[in-house]
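Take a look at the fold below. We will walk through it strand by strand, core by core and charge by charge.

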Amino acid sequence: MILLAHPFGNANVRAVLSALEGANLLARFVTTVGYAKDATLLSFLPASARRRSYELPTARVKAYPAREVVRLLAVALGIPIRHERGWASIDRVWQELDARAARYFCANKQRQRIEAVYAYEDCALRLFTAARALGVRRVYDLPIAYYETAQRILREEAERYPDWEPTLGGTRDSDEKLARKRHELELADLVICPSNFVFDSIPEATRQAKPCVVIPFGSPARELERVPEQRSRPLRVLFAGALTQRKGLADLFAACRLIGAGEIELVVMGSLLRPLRWYRERLADFTYEPPRSHSEVLRLMRSCDVFVLPSLVEGRALVQQEAMASGLPLIATRNAGGDDLIEEGVTGFLVPIRSPEALAEKLSWCAAHREATSGMGIAAQERAAQLTWKGYGDKIVAAIQNLTGA
């Protein structure tokens, strides 16, 4: 039986939970705010809270909601939270859940016959320490590039684009936080990576000492219809994600300044890390779209022609597969984590990091070859459909079983 800990339960976590439950291997899911599918109060909760429900019986979910509830309220009210040190900071939420999961594991290991624990970066140190002491296997899910690679790239970016440094975030991580990441990896018996970029970021000595496997995320299950393209208008190019140079937005802005006026319409959707006027000072001519529900994100995607993500540090940006499933070819860097999605000139284009010139070249090509670009969108949709969440979960279960000998 497996104990899994994660504060939020995003799409990839849900796929693992589903696969473990389907294989009768899930002991408990330890989380912050979370409700089982048969929870009595679920029907009385607002839609925003129901998003934290899971297709699991009540007996499988153990929730510790207090600190996360305070964090969500602070965000909703616009109350600033001090990075790492604030009582309701995201780091403190993760650390408390790690401690709760460790205590729950120690109290229930024998009764629930827990043979392995599954945890994620920043939420694994105490659970893994307790599991090792009791001889239980530790599975580490590393959703983004290992911190040494990430820190090096982000610090280089802070020098390359000093004015964009406040958007990077990771440059402010404390030595204590970075040490926790290092110790988590040291304690792991198996490392799950969502992309080749994440795999390659792990120190070579670690890759030689323990199994590290690449298991790509799944794509949206349903088929999505495109909005009919209007060839008379400029090529609609979509960027989606936090408005940060970690995702290469400064390079995309620079690329747009190299492209002839009227060739493309850049649509930027995501959370602002600086005032909107700050971004307008760097590129005046783009359409800003604020964050929205997942269904509305997909609707926006279907109104665009190309998806671009020139990220410098990611794990595997799931938005790439969502865009491809919506019929958009992909222009991205290998560091965005989706290099396996791109067949050059068929489903999209792979570009180097830090290369506005390469971005501008590919965007201009798409604008000049609209029919070919539309065909690439069809091929991209077919490629995305090859990757399912069930397949993702089943591969992780197989890797765990191979580790435990179950």
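In strand E13, Val306 stands opposite Val237. Strand E13 covers residues 306-309, and E10 pairs with E13 in the parallel sense over two bridges. Strands and helices here are DSSP runs, numbered from the N terminus: a helix is H or I with at least four residues, a strand is E with at least two. Two strands pair if DSSP finds at least two bridges between them. This is a predicted model: local features need pLDDT of at least 70, side-chain atom pairs count only at pLDDT 80 or more, and totals for chains, interfaces and linings use all residues. Residues are numbered from 1 along each chain as its sequence is written, and side-chain values use heavy atoms, with hydrogens and water left out.

Stay with E10, residues 235-240. Six of its six residues are buried (under 20% relative accessible area; exposed is over 50%, partly exposed in between, with a 1.4 Å probe and protein chains only). In a regular strand the side chains alternate between the two faces of the sheet. Leu235, Val237 and Phe239 point one way from E10. Arg236, Leu238 and Ala240 point the other way. E10 also runs parallel to strand E11 (residues 264-269), joined by six bridges. There, Val237 has Leu266 as its bridge partner. How does the chain get from E10 to E11? The path goes through helix H10 (residues 249-258), in a right-handed β-α-β crossover. Right-handed means that, with the strands pointing away from the viewer, the path from the first strand over the helix to the second runs clockwise.

Now turn to the cores. A nonpolar core is a set of buried Ala, Val, Leu, Ile, Met, Phe, Trp, Tyr and Cys residues joined through side-chain atoms within 4.5 Å. The largest one has 65 residues. Val117 is among those with the most contacts inside this core. Leaving aside neighbours within four places in sequence, Val117 is in contact (heavy atoms within 4.5 Å) with residues including Phe105, Leu127, Phe128 and Ala131. A second, separate core has 59 residues, Tyr161 and Ile331 among them.

Helix H5 (residues 125-133) has Leu125, Leu127, Phe128, Ala130 and Ala131 as its buried residues. They pack against strands E1, E6 and E7 and helices H4 and H7. Just after H5, Gly135 takes a positive phi of about 70°.

Last come the charges. Side chains of opposite charge can pair when their charged atoms come close. A salt bridge is a side-chain nitrogen of Lys or Arg within 4 Å of a carboxyl oxygen of Asp or Glu. The whole structure holds 32 of them. One joins Glu176 and Arg85, 3.2 Å from N to O. Glu176 is in helix H7 and Arg85 in the loop between H3 and H4, so the pair ties together parts 91 residues apart in sequence. Arg282 and Asp163 form another, with closest N and O atoms 3.0 Å apart. Arg282 sits in helix H11 and Asp163 in the loop between H6 and H7, so this pair ties together parts 119 residues apart.

Are Lys247 and Glu314 buried or exposed? Both are buried. They form a salt bridge too, with the closest N and O atoms 2.6 Å apart. Lys247 is in the loop between E10 and H10, Glu314 in the loop between E13 and H13, 67 residues apart. Finally, Arg152, Glu156, Glu157, Arg160, Asp251 and Arg354 are linked in a network of salt bridges.
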